[in-house]
Amino acid sequence: MKKFDLAGRHALVTGGAQGLGAGMAAALAEAGAAVMIGDVQEGKGRDTAGGLAATGAKTGFTRLDVTSEADWASAVAATIATLGGFDILINNAGIEVTALVADIEPESVRRMLDVNILGTALGMKHAFRAMRPGGAAGKGGAVVNVSSVAATIAFPSIAAYSATKSAVDRLTRVGAAEAGRLGYGVRVNCIYPGLVATEMGLKLATDIVALGLAADVNAAVGDVVAQTPLGRLGNVEDMADAAVFLCTDAARFITGIGLPVDGGMGS
Ligand SMILES: NC(=O)c1ccc[n+]([C@@H]2O[C@H](COP(=O)([O-])OP(=O)(O)OC[C@H]3O[C@@H](n4cnc5c(N)ncnc54)[C@H](O)[C@@H]3O)[C@@H](O)[C@H]2O)c1
């Protein structure tokens, strides 16, 4: 038996070429949704979509830089044309640049603001316009934004990143309030993933060592595990299942929340 049922739904996953996004795309497809991968990495994104197609999923790839309004317009159009609809957006694309507050560089902060905040905001904008009554897809839907446990704790070396992920939390709540009150038929929620050993997660662990905050990568990971009541790092499937749940009808009365998926680290 399937864990979740999203048969007949049509999803766009940003940053879906690798890591958490690729895992969320696979989990959506496993639940029966048609899935479009949107990413700036064209080769990898096409390969990831090809892997989903090999399992029998209806899928495609669209080149999407989430900071570009023009890219959003074409990605939504491509999703509707390829999949036959658009009712799920996973706003997952994000970047992280590690720095102590004393060493913050304006250009790194601007890049994170652009991708993590503007990218998420534009995703909600284009999803709302397409999904609301009268929109190009017009059947309502669900948006899941990917925040971070970093929005709920004070973790040294990621101050600016944490600030952008706190912003994702607020974007989620205001977006949910507007979508609900204005009758868009779109639910908006976010998840706060704990540390996962993706490319981004592993880079953070090595950065922490380079900054002298941990003796080696094992110690860096050990510190996180020690702060996690469930006693392990999260994995891609943990995050994917939570995101898929928020898209299903089982979550039909849930909007405007942030769901920690962190083994209790942020509680
Ligand atoms: N890995 C973790 O420990 C962790 C924890 C909490 C939250 N997160 C969040 O989860 C999300 C995914 O992280 P990940 O670990 O899979 O990272 P990752 O670096 O492995 O993958 C990120 C993906 O986003 C894409 N991307 C980057 N900039 C983009 C842009 N402008 N437009 C479109 N795509 C873009 C990349 O090409 C890549 O495919 C991010 O938002 C991240 O902040 C990750």
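**View 1. Helix α3 against helix α4.** Helix α3 (residues 69-83) packs on helix α4 (residues 106-131) at an angle of about 40°, with the axes 10 Å apart. That angle makes α3 oblique to α4. The classes are roughly parallel under 35 degrees, roughly antiparallel over 145, roughly perpendicular from 65 to 115, and oblique for the rest. Axes are lines fitted to C-alpha atoms, for helices over the stretch in contact, and angles between N-to-C directions run from 0 to 180 degrees. Helices are DSSP runs of H or I with at least four residues, strands are E runs of at least two, and both are numbered from the N terminus. The model is predicted: local features need pLDDT of at least 70, side-chain atom pairs count only at pLDDT 80 or more, and totals for chains, interfaces and linings use all residues. Residue numbers start from 1 along each chain as its sequence is written.

**View 2. Residues between α3 and α4.** From α3 come Glu69, Trp72, Ala73 and Val76; they meet Leu122, Gly123, His126 and Ala130 of α4. Contact here requires C-beta atoms, placed from the backbone, to lie within 7 Å. By class, this contact has 5 nonpolar, 2 polar and 1 charged residues. Nonpolar covers Ala, Val, Leu, Ile, Met, Phe, Trp, Tyr, Cys and Pro; charged covers Asp, Glu, Lys and Arg; the others, Gly among them, are polar. The crossing of α3 and α4 is right-handed, a label for a near helix turned clockwise from the far one by less than a right angle, with anticlockwise being left-handed.

**View 3. Helix α4 beside helix α5.** The axes of α4 and α5 (residues 159-181) come within 9 Å and cross at roughly 15°. That makes α4 roughly parallel to α5. Their crossing is right-handed. Residues of α4 in the contact include Val109, Met112, Leu113 and Phe128. Those of α5 include Tyr161, Lys165, Val168 and Leu171. By class, the contact of α4 with α5 has 13 nonpolar, 4 polar and 1 charged residues.

**View 4. The open parallel sheet.** Seven strands run in the order β3-β2-β1-β4-β5-β6-β7, with parallel pairing. Two strands pair if DSSP finds at least two bridges between them. β3 (59-63) and β7 (258-261) are the edges; each has a single partner strand, so one side of each lacks a neighbour in the sheet. Neighbouring strands are turned by 20° against each other on average, direction ignored. β1 (residues 10-14) pairs with β4 (residues 88-91) over 3 bridges. Within that pair, Ala11 stands opposite Ile88 of β4. Helix α2 (residues 42-54) packs on the sheet and touches β2 (34-39) and β3. The direction of α2 makes about 170° with that of β3.

**View 5. Helix α6 across helix α7.** Helix α6 (residues 199-210) and helix α7 (residues 217-226) pack at an angle of about 110°, with axes 8 Å apart. The two are therefore roughly perpendicular. Ala205, Thr206, Ile208 and Val209 of α6 meet Val217, Ala220 and Val221 of α7. By class, the contact has 6 nonpolar, 1 polar and no charged residues.

View 6. Domain 1 spans 10-194 + 235-256, and domain 2 spans 196-233. These bounds come from an automatic or database domain assignment. The domain centres, taken over C-alpha atoms, are 25 Å apart. The contact takes 13 residues from domain 1 and 11 residues from domain 2. On the domain 1 side, α1 (19-30) and α8 (236-247) are the elements that give two or more residues. By class, that side has 6 nonpolar, 6 polar and 1 charged residues.

Note on methods
Contact = placed C-beta atoms within 7 Å.
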